[in-house]
Amino acid sequence: MESAEISLAKTTEAQFEELLKDYLQKVLRLVYSIVKDRNLAEDITQEVFLKAFRSMPSFRGESSLKTWIYRIAANEAKKHVRSWSFRHLFFRAEVDAGVAEDAQATILKNDQRHQFARLVMRLPGTYRQVIILHYYEELSIEEVAEVLGTTAGGVYTKLHRARKKLKELLEKEGAEWI
């Protein structure tokens with residue numbers, strides 16, 4: 001009996017290691033897109049994987065591991081953004097963004113992808129999430145809907161509005177919408 005439990009534990013640990021290897025950077029990117037602070041995103045990402053590890057034995061397989069971990073990540077990040085401490089603490093975004101943009105500008109001068117990523121980060125949270133999950137993480141509309149707990153129609157609507165908002169931001173900066 002004990003060897004079966006040990007074998008099951010190894011399987012769970014092996015699954016978790018694979019999950020961690022495959023999705024750590026992607027989850028960190030998603031969480032960062034929501035909270036916009038690297039250190040905070042790293043802390044929340046750690047919590048996401050702790051929660052996933054604890055929940056791994058009860059994972060029913062009703063969705064893919066990919067959408068399951070993204071759902072946990074989106075919920076944890078949103079929970080933190082809604083928390084009192086996050087909304088009421090002095091937010092150093094301008095300082096952090098200035099340092100990050102200076103470093104990125106040095107490395108990625110005149111790179112259109114950098115400009116586009118910056119504009120995506122300026123979108124409201126729900127639009128930013130949909131863009132990142134669909135275009136950057138390459139999830140299908142149905143997978144995005146599952147992660148966000150909405151319908152495919154809702155995702156299409158948010159994508160349409162997000163693209164429209166991105167077009168407005170690009171035109172404001174004098175860039176062309178392609």
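Author: Here is a quick chat about the core and the salt bridges.
Author: This is a predicted model, where local features need pLDDT of at least 70, side-chain atom pairs count only at pLDDT 80 or more, and totals for chains, interfaces and linings use all residues. Residues are numbered from 1 along each chain as its sequence is written, and side-chain values use heavy atoms, with hydrogens and water left out.

Reader: OK, which residues touch the most other members of the largest nonpolar core?
Author: L19, V27, V31, V35, I69, Y70 and L133, out of 43 residues. Such a core is a set of buried (under 20% relative accessible area, 1.4 Å probe, protein chains only) Ala, Val, Leu, Ile, Met, Phe, Trp, Tyr and Cys residues joined through side-chain atoms within 4.5 Å.

Reader: And what does V27 touch?
Author: Leaving out residues up to four places away in sequence, V27 touches T45, V48, F49, I69, Y70 and A73, with contact meaning heavy atoms within 4.5 Å.

Reader: Switching to charges: how many salt bridges?
Author: Five, counting a side-chain nitrogen of Lys or Arg within 4 Å of a carboxyl oxygen of Asp or Glu.

Reader: Which residues are linked in a network?
Author: K51, E76 and K79. The closest N and O atoms are 2.9 Å apart for K51 and E76, and 3.4 Å apart for E76 and K79.

Reader: Is E76 buried or exposed?
Author: E76 is buried, at 11% relative accessible area.

Key: Buried < 20%, exposed > 50% of the residue type's maximum accessible area, 1.4 Å probe, protein only.
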